[in-house]
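Please take a look at the model below. The briefing after it covers a sheet, its helices and some charged pairs.

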Amino acid sequence: MTSSGVVGFVGLDDLSLELAASLIRSGYAVKAFEIFGPLMDEFLKLGGIRCTSPLETGKDVSALVVLISHADQINDIFFSDEGALGGLAKNAVIFVRSTISPANIQMLDKRLTEDAETAFLVDIYVSRGMSDSLNGKIMITSSGRSDAIARAQPILSAMCEKLYNFEGEVGAGSKVKMVNGLLEGIHLVASAEAIALGVQAGIHPWIIYDIVSNAAGNSRVFKNHVPQLLRGNLTKQHFLNDAVQNVGSILDMAKSLPFPLPLLAVAHQQLISGSSYGHGHNDATLIKVWENVFGVNLIAAANADIYNPQELGNQIKTKSNTVKRIGFIGLGAMGFGMATSLLKSNYHVLGFDVYKPTLTRFANAGGFVAESPAEASKVMEEL
């Protein structure tokens, strides 16, 4: 017999705790099995109930959320003597959160349906939304047969702020996770490499960060992770080990398609290199790769001088001369935008460009048109 208001968790992580908290706020009773004490302690603080096995967790629940990191865990979690299926009702929904391949999830679905006669399996990918509207709130991508999705809908909605449903074959959630993980892995390595390059070239890393985080090269990974790298916060071995494992899983999935991922393969090797520096130490970090190979100490560079953008701006403003007449040679996309911005600030701007329609647009915007580069530079205070 199931209780429509009870949800079980087999395995916990930080995102699981947020899912559980959302369910509790929505009026569900939540219980869990987890062997790592600190995670269970946090779960109990939320108002959750401790279980001693997957079997106990599955009893009398309407849904079971299962965290799987390796395919060889499936048998122990579901089909062993203490497995969840021993106590799970036939009409309960099973949510699978995993890093295993879509093919393994589909095999599990087939085994549950044909052997265990449990028909409602939903594959979910849980992440934090990075858009301005979501701002770190939980987002879920789910997939499963239409009857399973329909049955899971109330619980899915209670667990997240944003929900994407793929009705049909299970595995779409893991496929979306694969694509997103590819970008995250490449961006993480590229971000560390970009900062190291700038420091090697003699630019203060915080100046690089302030510029790039507002420029075309920015990404959410760069914006969120680089400050932690420069402050030494992303230095725990488990962070790199998790990154190595996740990227490795994506590469394995791509091989099964088959589909080549050369950029991710290089990023994977860099992550492995960073992880290898941490054996026996607690301060391993991805940037150790560049520190050891090129002698670039990013954290030392970040702390060498106090970087205060406002102070630098004030110094430049204090030392600068007043300029009102400015010449522009070339009014392409960037030049036109800069020149018209100066016009809006009441500067006298004289511009030249070989493309006559651009000069017409510039004149219509209030600019002064020069007939030659020489004329544009004549009697101008800045060019």
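What follows is a short briefing, grouped by topic.

This is a predicted model, in which local features need pLDDT of at least 70, side-chain atom pairs count only at pLDDT 80 or more, and totals for chains, interfaces and linings use all residues. Residues are numbered from 1 along each chain as its sequence is written, and side-chain values use heavy atoms, with hydrogens and water left out. Helices (H or I, at least four residues) and strands (E, at least two) are DSSP runs, numbered from the N terminus.

**The sheet**

- Strands S9, S10 and S11 form an open sheet of 3 strands in the order S9-S10-S11, with parallel pairing.
- Strand S9 (325-329) and strand S11 (368-369) are the edges; each has a single partner strand, so one side of each is left without a neighbour in the sheet.
- Two strands pair if DSSP finds at least two bridges between them.
- S9 and S10 (residues 348-352) pair over 5 bridges, in the parallel sense.

- Helix H15 (residues 333-344) lies across S9 and S10 and runs at about 165° to S9.
- Helix H16 lies across S10 and S11 and runs at about 170° to S10.
- These angles run from 0 to 180 degrees between N-to-C directions; axes are lines fitted to C-alpha atoms, for helices over the stretch in contact.
- S9, H15 and S10 make a right-handed β-α-β unit.
- Right-handed means that, with the strands pointing away from the viewer, the path from the first strand over the helix to the second runs clockwise.

**The buried side of H16**

- Which residues of H16 are buried? Thr358, Leu359 and Phe362 are.
- They cover an arc of only 100° around the axis, which puts them on the same side of H16.
- The arc is that of the directions from the helix axis to the C-beta atoms.
- Buried means under 20% relative accessible area, exposed over 50%, and partly exposed in between (1.4 Å probe, protein chains only).
- The cover over the buried residues of H16 includes H15, S10 and S11.
- Thr358 sits in H16, which spans residues 356-364.
- Its relative accessible area is 9%, so Thr358 is buried.
- Contact means heavy atoms within 4.5 Å.
- Leaving aside neighbours within four places in sequence, Thr358 is in contact with Leu331, Phe336 and Asp353.
- Gly366 follows H16 and has a positive phi, near 105°.

**Salt bridges**

- A salt bridge is a side-chain nitrogen of Lys or Arg within 4 Å of a carboxyl oxygen of Asp or Glu.
- By this rule, the count is 4 salt bridges.

*Arg97 and Asp13*

- Arg97 forms a salt bridge with Asp13, and the closest N and O atoms are 3.0 Å apart.
- Arg97 lies in strand S5 (residues 93-98) and Asp13 in the loop between strand S1 (3-10) and helix H1 (14-25), so the pair ties together parts that are 84 residues apart in sequence.
- Arg97 is buried at 8% relative accessible area, whereas Asp13 is partly exposed at 22%.

*Arg145 and Asp109*

- Arg145 forms a salt bridge with Asp109, with the closest N and O atoms 2.8 Å apart.
- This pair links distant parts of the chain, 36 residues apart: Arg145 is in the loop between strand S7 (138-144) and helix H6 (146-159), and Asp109 is in helix H5.
- H5 covers residues 102-114.
- Is Asp109 buried or exposed? Asp109 is buried, with a relative accessible area of 9%.
- Arg145 is partly exposed, at 27% relative accessible area.
- Not counting residues up to four places away in sequence, Asp109 touches Leu121, Arg145 and Val170.

*Glu42 and Lys45*

- The side chains of Glu42 and Lys45 meet in a salt bridge (3.3 Å, N to O).
- Both residues lie in helix H2 (residues 37-46), 3 residues apart, about one turn of the helix.
- An α-helix has 3.6 residues a turn, so residues three or four places apart point the same way.
- Glu42 is partly exposed, with a relative accessible area of 36%.
- Lys45 counts as exposed, at 66% relative accessibility.
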